[in-house]
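Thanks for making time, everyone.

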Amino acid sequence: MNYKNIAQAELSLSPKMNCFIGHNGEGKTNFLDAVYFLSFCKSATNSIDSQNIRHGEEFFMLQGEYERESGDVEEIYCGLKRRQKKRFKRNKKEYQRLSEHIGLVPVVLVSPADADLILGGSEERRRFMDLVIVQYDHEYLEALVRYNKALQQRNVLLKQEDEPDEDLMCLWEDVMAQEGEKIYRKRSAYVEEFIPVFQEFYKRISQDKEQVGLNYVSHGQRGNLLEVIRRDRAKDRIMGYSLHGIHKDDLEMMLGGFPIKREGSQGQNKTCLIALKLAQFDFLRRTGSRTTPLLLLDDIFDKLDADRVEQIVRLVSSEQFGQIFVTDTNRDHLDRILEKTDKDYKLFYVENGEIRP
């Protein structure tokens with residue numbers, strides 16, 4: 001209720017395939033974002049919670065009933081009033097910390113905004129790694145929170161006009177190194193296991209036409225992280241921020257041995273992004289809560305040739321995928337998916353924030 005342009009919607013969904021059709025700007029993506037919000041306690045598109053409240057309203061409310069593979073039902077509720085704290089509940093019991101909820105309902109979103117993974121800065125690619133690992137490893141989430149707090153405090157000291165307190169500086173550097181080592185090890189292990197899964201999905205979608213790869217690059221690879229962070233403290237003072245640490249990590253995406261950012265066509269880039277997200281899905285399905293994630297496919301067929309669309313349709317119609325949400329402006333794409341699947345499905349029309357079967 002009152003989420004973005006959706007005044008009110010109460011939907012009975014298919015446990016398998018849910019297709020949403022409508023013109024751009026009508027509210028299809030907003031519905032998927034509401035599903036995402038109930039998993040991650042935040043929007044995928046706007047990090048300022050109050051800006052997700054419908055214009056002219058004072059609150060939004062989201063509620064979802066999730067049937068687990070065991071048959072148990074989880075009721076998740078989120079409510080936000082303007083100028084008040086966001087409230088999240090599981091089975092009517094309020095969370096003390098939102099981080100406790102992350103991973104309960106795993107979700108993978110594939111959307112046009114994913115283009116930033118290739119074209120954007122390293123921050124986007126770190127976020128891609130983090131979004132998977134936090135859904136199955138709570139220690140990782142806690143290490144990230146502690147590392148980011150220490151980084152922020154060290155940067156405050158670096159910006160001071162006077163020489164910063166040495167003991168305080170050493171304290172925050174110690175925390176950065178300690179938590180950074182944990183994060184580096186977990187990212188390394190994740191990427192190593194992730195690469196072959198990603199390559200297999202790319203191979204299937206492209207029908208083995210190109211070779212792709214990933215390179216994880218980190219200051220953690222340069223030896224003792226504490227020494228790496230401390231080594232250029234004088235330069236950091238001049239710049240006013242920390243130049244070294246795992247907050248500079250990157251994940252290089254390669255096509256035929258060269259950076260895909262330079263070499264890839266629009267279709268190859270799109271194939272790479274979809275393969276990354278399907279590999280993310282497969283990885284989450286096999287780790288953590290071992291719950292099949294929800295798969296949200298937002299307008300993904302644009303810029304792809306018919307053969308690649310066909311392969312994606314075959315993949316997502318297979319047994320390894322659970323509940324899927326697909327949006328498109330083109331009814332033909334959705335009809336092709338529905339023709340290929342013998343699964344249960346529902347089709348919804350979205351117009352001006354109103355969703356109807």
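Some housekeeping before that. This is a predicted model, where local features need pLDDT of at least 70, side-chain atom pairs count only at pLDDT 80 or more, and totals for chains, interfaces and linings use all residues. Residues are numbered from 1 along each chain as its sequence is written, and side-chain values use heavy atoms, with hydrogens and water left out.

When I say helix or strand, I mean a DSSP run (H or I of at least four residues for helices, E of at least two for strands), numbered from the N terminus. Two strands pair if DSSP finds at least two bridges between them.

Okay, hairpins. Strand E3, residues 73–81, pairs with strand E4, residues 87–90, antiparallel and over four bridges. Within that pairing, Tyr 77 has Lys 89 in E4 as its bridge partner. There are five residues between these two strands, and Arg 83 in this hairpin takes a positive phi near 60°. E4 then runs antiparallel to strand E5, residues 93–94, with two bridges joining them. Here Arg 90 is bridged to Lys 93 in E5. This hairpin has two residues between its strands, and Asn 91 in the turn shows a positive phi of about 50°.

Now the open sheet: six strands, in the order E6-E10-E11-E1-E12-E13, with mixed pairing. Strand E6 (107–110) and strand E13 (354–356) stand at the edges with a single partner strand each, so one side of each has no neighbour in the sheet. On average, neighbouring strands here are turned by 15° against each other, direction ignored. At the E13 end, strand E12 (residues 345–351) pairs with E13 in the antiparallel sense over three bridges, and Glu 351 has Glu 354 as its bridge partner in E13.

What lies across E6 and strand E10 (294–298)? That's helix H9, residues 266–286, which runs at about 175° to E6. For angles, axes are lines fitted to C-alpha atoms, for helices over the stretch in contact, and the angles run from 0 to 180 degrees between N-to-C directions.

On to the core. A nonpolar core is a set of buried Ala, Val, Leu, Ile, Met, Phe, Trp, Tyr and Cys residues joined through side-chain atoms within 4.5 Å. Buried is under 20% relative accessible area, exposed is over 50%, and partly exposed is in between, using a 1.4 Å probe and protein chains only. The largest core has 107 residues, and those with the most contacts inside it include Tyr 190, Phe 194 and Leu 276. Helix H5, residues 166–206, gives the largest share of this core, 15 residues.

Last, two residues. Is Ser 39 buried or exposed? Ser 39, in helix H1 (residues 28–40), is buried because its relative accessible area is 1%. Beyond its neighbours within four places in sequence, Ser 39 contacts His 101, Ile 102, Val 105 and Val 107. Met 61, in strand E2 (residues 59–67), counts as partly exposed at 25% relative accessibility. Leaving out residues up to four places away, Met 61 touches Met 1, Tyr 77, Cys 78 and Gly 79.

Note on methods
Contact = heavy atoms within 4.5 Å.
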